[in-house]
Amino acid sequence: MVSLILCFFFSFLALFLLHRMFKSSSNSAMKKLPLPPGTIGWPYIGETFQLYSQNPNVFFTSKQKRYGSIFKTHILGCPCVMVSSPEAAKFVLVTKSHLFKPTFPASKERMLGRQALFFHQGDYHSKLRKLVLRAFMPEAIKNIVSQVDNLAVHSLQSWDGQLINTFQEMKTYAFNVALMSIFGKDEILYREELKRCYYVLERGYNSMPINLPGTLFNKSMKARKELAQILARILSTRRQRKEETTDLLGSFMGDGEGLTDEQIADNVIGVIFAARDTTASVLTWIVKYLGENPSILQAVTEEQQSISGGDKLLNWADIKNMPITSRVIQETLRVASILSFTFREAVEDVEYEGYLIPKGWKVLPLFRNIHHSADIFPDPEKFDPSRFEVAPKPNTYMPFGNGTHACPGNELAKLEILVLLHHLTTKYRWSMVGPQTSIQYGPFALPQNGLPIRLSRKT
Ligand code: HEM
Ligand SMILES: *[C@@H]1O[C@H](CO)[C@@H](O)[C@H](O)[C@H]1NC(C)=O
Ligand SMILES: *[C@@H]1O[C@H](CO)[C@@H](O)[C@H](O)[C@H]1NC(C)=O
């Protein structure tokens, strides 16, 4: 037994040394390259405190002013390189995406499910991505416009005459749209159950990952298990009925895809996670910007009034014929840049522009810095949808990312935003309540207190 262990030990050692020799000979030239400029901060704590103790954008912007569009820093115990030029973002996300894998804290992976597509790279990732795109491409979501329309009408009716927290209500709307696009007509049966579990799950998402009875994390993990059980029930009911559907679940369950129930559950929960708060915070920002810019609101309202032919439901042709409203959405995505950046990790030593990005370092493309660069978008803090009358240059405008992990839900997101805006602007008026000056981060940028508004039907 002992000899067996020793034998293993020595073969590992030999392999390890060989690996090192091989690596150092092939990489010695690269090892001599300088690291990008910047400070690393104190060991472990690094510059995390600075990043989290102020508006994160101030941190990024002041670093960029000082060091240029590529610099190193240290956050959450990880050395990282931040990049903020269109060229560097393209390098990391598109042309050399195989050298940069997605990376998330282990506790988040556990909570959402390790098999969710955004944690993966390579064959498994591209297979799942194909299945997600199949359900969310224009040809597929064309068929659900009227159902999205119904959800929007119902949401707005329930807010009529009320003081509402815009973000909270938009979360409910985006959740309902997500469930409908995942489960189709079956969704309504499970909506309340799924909602209850999902809300417990998300409360633990930003908690300390301590799995002891009673902690938020523990409750969250329990809700995660319950969600998987509900999904298992939905899957078995569908298998018995044997009918084919074009919703996301149908796409995942397709013959020959060979996904396990666990893989399906992880990806369904992952899609809800990717779809809800993102869309809800964009909608919240739009309500704020329209409220602050009466002439833009007027232009959007007129465009929407020209579309509404009485009380008929919207169709896909209507959706594709809303240029002014679409530019308002584009400009909101730019100014608010709700996903300020994304995370990758270098899978090997990489050279970029004469600098070394060492293997294992995190790499963060800073979308917000690119979207707020005065060279690319003159007067960048100004909300001006007309700037999108001219299409932006490649890799200067990436609200949905780019490359292998770019957002497969972007068409659905735009659809549900347009439909809600149609009914909101043609039938309702609203006013913002309380101070609206500050921004909260958690993790997406949001107007103060989720933007309380009072909404009522136009007379
Ligand atoms: C306005 C709302 C949305 C914004 C701003 C947004 C933005 C993004 C961005 C920037 C990424 C890429 C992240 C990266 O490269 O690391 C992404 C990925 C993703 N998004 Fe969205 N998203 C939105 C709505 C949605 C919706 C409605 C869905 C689903 C229906 C969705 C599903 C996904 C999925 C599954 C991924 C992972 C793709 C992959 O890793 O291959 N998103 N999103
Ligand atoms: C909650 O904590 C207890 C004690 O550590 C553990 O046995 C249990 O598995 C945890 N629950 C979940 C769902 O992880
Ligand atoms: C993504 O990158 C490709 C290749 O550089 C480019 O053609 C495309 O325009 C980019 N997309 C965006 C949204 O910038």
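Visitor: How many bridges join strand 2 (residues 78–83) to strand 8 (residues 362–365)?

Guide: There are 4, and the two strands run parallel. Two strands count as paired if DSSP finds at least two bridges between them. Strands (E, at least two residues) and helices (H or I, at least four) are DSSP runs, numbered from the N terminus.

Before we go on: this is a predicted model, where local features need pLDDT of at least 70 and side-chain atom pairs count only at pLDDT 80 or more, while totals for chains, interfaces and linings use all residues. Residues are numbered from 1 along each chain as its sequence is written, chains are lettered from A and ligands numbered from 1 in the order written, and side-chain values use heavy atoms, leaving out hydrogens and water.

Visitor: In strand 8, which residue is the bridge partner of Met82?

Guide: Look for Leu364.

Visitor: What order do the strands of the open sheet have?

Guide: Read across the 5 strands as 1-2-8-5-3; the pairing is mixed. Strand 1 (70–75) and strand 3 (100–102) are at the edges with a single partner strand each, so each has one side without a neighbour in the sheet. From one strand to the next, the twist averages 35°.

Visitor: Which strands does helix 4 (residues 86–95) lie across?

Guide: Contact means heavy atoms within 4.5 Å. Helix 4 lies across strand 2, strand 3, strand 5 (344–346) and strand 8, at about 125° to strand 8. Helix 3 (residues 56–67) lies across strand 1 and strand 2, at about 135° to strand 1.

Visitor: On to the ligands! Which residues surround ligand 3?

Guide: We list residues with a heavy atom within 4 Å of the molecule. Here they are Lys90, Val94, Pro394, Asn395, Tyr397 and Asn402. Next, check polar contacts, which for a ligand are pairs of N or O atoms within 3.5 Å. A polar side-chain atom of Asn402 is 2.4 Å from an oxygen atom of ligand 3, and a polar backbone atom of Asn395 is 2.7 Å from an oxygen atom of ligand 3.

Visitor: Which residues are around ligand 2?

Guide: Find Asn211, Leu212, Pro213, Asn218, Met221, Lys222 and Lys225. An oxygen atom of ligand 2 sits 2.3 Å from a polar side-chain atom of Asn218.

Terms used
Axes fitted to C-alpha atoms, helices over the stretch in contact; angles between N-to-C directions. Polar contact = N/O pair within 3.5 Å; in protein donor to acceptor, adjacent residues only side chain to side chain.
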